[in-house]
Amino acid sequence: QPATNAHAEAAVKRVKTACRRNLLQSGLTTHWFGEAGRHGCFARNVEIFKGESVYNLRHGRHFEGERIPFGALLDYMPGNDTRKKQDTMNPKGVPGIFLGYHLHTGGRWSKDYIMVNFQYFKDNPDVQPGQVLIERTQEIILPIHLQFKFPIAEWRNAHSRSITNPP
C-alpha cells in the first residue's frame, strides 16, 4: 500500500507542477488552472522519449498536431459568429491565446485546437474562463521561427515588477 500511495502522490505532484509552470509562463490567473492542467498532461503524453510516447502506445501513432505552449499568442480562424462581426477586407485570422487541444473520449486528439480571442485579455487581463467564448478551430497560424510570445505574462511582469505611483 505505501508504494501505491507514493506513485499516486508523485503523479499528482507532476500535474500540479505542470499546471503551475503553464500558468506562470502564460501569465493567466489561477482561474485557468483546469485548462493549464489539461494542457500539461497532454503535453506529457505526446512527448517522445527514446522513440516512444504514451500517446503512441495508446493510439497506435504519434501525435500529429503542432506542439504549442500554453498561453501562447497565435492567429486562428474563429467560428462563424466572430467572422460575421469582422470587416470583409480584414484578415480572416484573429489573434488568440492558445489553451490546448480538444480530445475525444479516450484521449485521442480531434484535430481541433482550443483558443480564446485575445481581445478579452486586452480588455481585462484577469478575465476568467466563464467570461469568454472558448473556441475550437483547426486553422492556426504559427509564429515565424516558432518564436512564441506570451503577452499576458509580459503585461503581468511589467505591472508586478514596477512602481506605478512612487511616494
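This is a predicted model: local features need pLDDT of at least 70, side-chain atom pairs count only at pLDDT 80 or more; totals for chains, interfaces and linings use all residues.

User: Where is Glu135 placed, and is Glu135 buried or exposed?

Analyst: Glu135 lies in strand E4. Its relative accessibility is 7%, and buried means under 20%, so Glu135 counts as buried.

User: How do you know how many disulfides there are?

Analyst: A search of the whole structure returns zero. A disulfide needs two cysteine sulfurs within 2.5 Å. For Cys19, the closest cysteine sulfur is that of Cys41, at 8.8 Å, so the pair is too far apart for a bond. Seen from Cys41, the closest cysteine sulfur is that of Cys19, at 8.8 Å.

User: Which burial labels do Cys19 and Cys41 get, and why?

Analyst: Cys19 has a relative accessible area of 11% and is therefore buried, the limit being under 20%. Cys41 is at 32% and so counts as partly exposed, a label for values between 20% and 50%.

User: What makes E3 "mostly covered"?

Analyst: Eight of the nine residues of E3 are buried.

User: How do you know that E3 pairs with E2 and with E4?

Analyst: Pairing takes at least two bridges. E2 and E3 are joined by six and run antiparallel; one partner pair is Leu103 with Trp109 in E3. E3 and E4 (residues 134-137) have four bridges, also antiparallel, with Tyr113 partnered by Thr137 in E4. Both counts therefore meet the requirement.

User: What lies between E2 and E3 in their hairpin?

Analyst: Five residues separate the strands, and Gly106 in this hairpin takes a positive phi near 95°.

User: Which residues touch the most other members of the largest nonpolar core?

Analyst: Ile68 and Tyr101 do, in a core of 18 residues. Helix H2 (33-46) and strands E1 (73-76), E2 (94-103) and E3 (109-117) each supply at least two of its residues. Leaving out residues up to four places away in sequence, Ile68 touches His39, Leu74, Phe98, Tyr101, Tyr113, Ile140, Leu142 and Phe148. A separate second core has 15 residues, including Leu23, Phe121, Val127 and Ile152.

Terms used
Residues are numbered from 1 along each chain as its sequence is written. Side-chain values use heavy atoms; hydrogens and water are left out. A nonpolar core is a set of buried Ala, Val, Leu, Ile, Met, Phe, Trp, Tyr and Cys residues joined through side-chain atoms within 4.5 Å. Buried means under 20% relative accessible area, exposed over 50%, partly exposed in between (1.4 Å probe, protein chains only). Contact means heavy atoms within 4.5 Å.
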